[in-house]
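Here is a short briefing on a two-chain model.

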Amino acid sequence: MNTIQTLLLAVFVLSSIPIASIALYSQPQIAKKLGTIGILLGCLMGLWSVWQGINETGIQSLTYSWQHILILSVSMDNLSAFFLLTIFLITGAAAVYGFHYLNEREKGLRTLINQALLGILASAMALVVVAHDMVTFLLAWELMSISSCFLVVYDYEQKATRHAAYIYFIFTQAGALFIFAAFGWLHGLTGSFSLSASAPVPESTKLLIFFLAFAGLASKAGIFPLHIWLPHAHPAAPSHVSAIMSGVMIKMGIYGILRLYLTIAPDSLAIGRTVLILGMVSGILGVVYAMGQNNIKRLLAYSSIENIGIILIGIGIGMIGMSSGNPIMAVCGFTGGLMHVLNHAIFKSLLFMAAGSVAHGTGTLAIERLGGLMKQMRITGLASLIGAVAICGLPPLNGFVSEFFIYNAAFQSRQLSNMDFLLTVLGAISLAVIGGLAVACFTKATGIVFLGEPRTSEARHAHEAPLSMRYAMQFLATMCIAIGILPTVFAKPALKSAISMVTTMTHQPTTLLQTQAIMDLTTRISWGSVLFLLVCAALWWLRVILYRHKPLSRTCTWGCGYTKASPRIQYTGSSFAASVLEFFRPFAPIHEECQEPVGVFPTKARYHSSILDIAETLAVQRIAMPVVRAMRSLRWIQHGSLQIYISYIVLAIAALLVVTWLWR
Amino acid sequence: MLTSLFICLLAVALAPLFSAVITKTKAFLVGKQGPPLLINYYTLAKLLKKGSVYSESTTFVFQTMPVISLAVSAIAILFLPIARMPALLSFSGDVILVLYLFGIARFFLIIAALDTASPFEGMGAAREAYFSFLCEATLFTVLMLFYKLNGTLSLNDYFTGPNAISIWRPEGAILLLIAIALFVVLLAENSRVPVDDPATHLELTMIHEVMILDHSGPDLAFIEMSAWLKLLFYATLIADLLLPELSTITAVPAFFAVITAIYLTIGIIESITARFRMRLVPKFILTSFALAFFAVILVLEM
């Protein structure tokens, strides 16, 4: 069986077994086990096909046609294989996690349907990345959007969840319209549905088509300012679904951008510059908004926007390198961006799963109500700590690997024109600033939630997550460490796809020497990580010796003389973030509601503050509300009576007939 | 290589002494005798002899922080070309590794502070997180400038070899801006006046000292040593920039003279200025960013 057949079989297993297991809904536990095993089996087969795909050099494809009208074709190149790796890795872990996470007996059938949708979502994403023509791509794209939409509404009893799904649905469908438009235009110009051939298209049209599709793909990827759905949908969905959506699904937007870039192969620097600038904006504002959140999952959702920004910085630098004839810069930038796709998928799913465990163990996700969870939830706490260090891009974990590649791409810019050099400088500086802000954001997320003293009784009575959830988190945490220490193994597929991208664009093979120079980067990273760990181990050993036969005692924290400290005097997450938010005030205004205590015997006082997302505020105030107001005057059209609607249809058809008749 | 190793060990051994120069300068300028120059060695010996008291609120994070902190500072020194001698370790891109290692030290410093559940330490942690990201912007701008001038990406290649960066080169005037910017970053990253006041131990005005309030014994010794090494790291960066091309014999004394001058300057600044209000600190740090970025633009126009 060749690679593509193995993959299609994996996709079939991935979707059919969970669907079939719904039939056993009278025995939800057995059905759930069966479905989980099905998803795991599908993922393992998928990973096997990815392994084959990475080791093969050529492109494999398979075409299916129905009546010569509907021609569907799939193919797998290095780029697809790399994204498939991410999809199957995270879906497998999420399925294991979901086994104990969704464990309410009375929601048996709903859980099974959720599981089936999970399988469908993963299959749809796999089909998106292997689609070889526009029709297959769009079919899989829509299947992906709709199945994920249903996954979000698992808790449909809650109004906020329905609202989130509704916003998500609007964004995903509106985004798809842009992609349809761009593909239609491209088809009109070239007469082919293929996603690989670059037929002659005028350069200016190329740019228009690219940016048209980019708008749609960017709304899926969560690029500022089209990210509005993301912080609504991720917290509403069950945690393992958020893990897949944030870790993998939004990356489909990145995949789309890369595939389209390869398809139309523009020469212009404008694309690279735009992508780089959008990356900087998304990255910095994403992490600033993340800092201001009080709900862990909302914080993680905004941090996804930040990480998409980092990916775009990498890809943008790669594109600039491409257009200015600097293949090493291009390969480094693309490798960094792709590595960050995989790395972010791993640590963001890990963090979402840890957040799910916190919700499971305490019943709340509000950062200000938690604290001190490290003592009762040791595994979740450790997993979260590893995820936090990794997401800040700090060595010796995997986040550093991708950022190191992106920096190395930025430090290839010496020969560029002044304008591009300055842009790349700004890219590197924003990467550093994003890193610094991420440290602030994730020390808040781990420090306030897992360390210190429990702030409420919910946090005091927390309990550790059940077995399957712990397994999934341990697996992903191990991946973070493994990639950080041995990046060579994992960077190879990313590097291979980056090189194949560059060679297809430039039509000249990269020399072996250049490849070797880039692979050396990974050796240096693992060298640095090992050095750091060794020095730490040596100092730890020294510390053990120094503490031998020394008195050690435990007492309360020193309160500078104050002895009646209570957990309530601890610094809160909001105050921790306050000064950074103050610095970014023009971009992140804070909305405050305050009812002050009045009178001699004040009864009630309340204070509420939240950070406003300027993209959302502006979209609602300047776009949505005026449109709603304008549409109100057309409301008389809607009667709710079936006869009138049928007559509308008849009239519309008649009008179209007249128009087409006149047009001749 | 052997010379480098020797100088590196010498610098590490002298780091506590240099820090005492600051204390001595401050004492001298206000007409006091001040503690002896060897005060930091006494402190170190005293701390290493003691045991520790741990808060019941803390977890393993609190105890790993000193180790990580010292490990990072030690590794940073290994990559540094002291007195323009070749660094002990070096590879292309090591400067990014070093800056990110300082990041992980900061990460653990902040969460160890939050681990104690103390409001004071939380306050210090918030400030540390706030000011450090501004410093990162300056540092990476400086890196980009060095890269543009020199074409390499390692601390060793910046300051050694035929292409070495120094203010005695034709574009030295621009590098003077960088030296000032780096000095501002030094003050901010090492919690000196006017950003932080290392002398205030029990007020709400401080950053670094408050975050280590609960540490004691050998743990505190590790942290102190790490802080001295970090200060030495930044001071050496500036000293290397200021040092002219010299032979080995003259370079080492010249280097230590420049380092002493830098520490004296820190002491003088601490004596004649007050700590800024917290609101002004970001502006102060951003000034360094503005200087560095201006230098980049000047280099582009060369």
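Chain B has 11 helices and one strand; helices (H or I, at least four residues) and strands (E, at least two) are DSSP runs, numbered from the N terminus. The model is predicted: local features need pLDDT of at least 70, side-chain atom pairs count only at pLDDT 80 or more, and totals for chains, interfaces and linings use all residues. Residues are numbered from 1 along each chain as its sequence is written, while chains are lettered from A and ligands numbered from 1 in the order in which they are written.

**Chain B**
- In sequence order the pattern is α-α-β-α-α-α-α-α-α-α-α-α.
- The radius of gyration of chain B is 19 Å, which agrees with the value near 19 Å for a compact globule of 302 residues. This radius is taken over C-alpha atoms, and the globule rule is 2.2 Å times the number of residues to the power 0.38.
- The C-alpha trace of chain B spans about 55 × 40 × 40 Å along its principal axes.
- Buried residues make up 58% of the 302 in chain B. A residue is buried if 20 or more other C-beta atoms lie within 10 Å of its own, exposed if 12 or fewer, and partly exposed in between, with C-beta atoms placed from the backbone.
- Among contacts in chain B with a separation of 6 or more, 77% join residues 24 or more positions apart. Contact requires C-beta atoms, placed from the backbone, to lie within 7 Å.

**Where the chains meet**
- Chain B puts 60 residues into the contact, and chain A puts in 64 residues.
- On chain B, the elements giving two or more residues are β1 (52–55), α3 (60–78), α4 (94–115), α5 (119–150), α9 (217–242) and α11 (280–300).
- α5(B) contributes the most to this side, with 17 residues.
- The side of chain B that touches chain A holds 40 nonpolar, 14 polar and six charged residues. Here Ala, Val, Leu, Ile, Met, Phe, Trp, Tyr, Cys and Pro count as nonpolar, Asp, Glu, Lys and Arg as charged, and the others, Gly among them, as polar.
- Strand β3 (residues 552–555) of chain A runs parallel to β1(B), joined by four bridges. Strands pair if DSSP finds at least two bridges between them.
- B:Ser55 in β1(B) is the bridge partner of A:Thr555.

**Chain A overall**
- Chain A contains 23 helices and five strands.
- Its 664 residues would give a compact globule a radius of gyration near 26 Å, and the chain has 26 Å, which agrees.
- The C-alpha trace of chain A spans about 95 × 70 × 60 Å along its principal axes.
- Of the 664 residues of chain A, 53% are buried.

**A helix pair in chain A**
- Helices α3 (residues 78–101) and α9 (residues 239–264) of chain A pack at about 170 degrees, with axes 8 Å apart. Axes are lines fitted to C-alpha atoms, for helices over the stretch in contact, and angles run from 0 to 180 degrees between N-to-C directions.
- α3(A) and α9(A) are therefore roughly antiparallel (angles over 145 degrees).
- Residues from α3(A) including A:Phe83 and A:Ile87 meet a set in α9(A) that includes A:Ile244 and A:Val248.
- This contact has 12 nonpolar, six polar and one charged residue.

**A hairpin in chain A**
- β1(A) and strand β2 (residues 70–76) of chain A pair antiparallel over seven bridges.
- A:Tyr64 has A:Leu72 in β2(A) as its bridge partner.
- Three residues lie between the strands of the hairpin, where A:Gln67 takes a positive phi near 55 degrees.
- Strand β1 (residues 60–66) of chain A lies largely in the open, because zero of its seven residues are buried.

Definitions and conventions:
Two residues are in contact if their C-beta atoms, placed from the backbone, lie within 7 Å. Angles under 35 degrees count as roughly parallel, over 145 as roughly antiparallel, 65 to 115 as roughly perpendicular and the rest as oblique.
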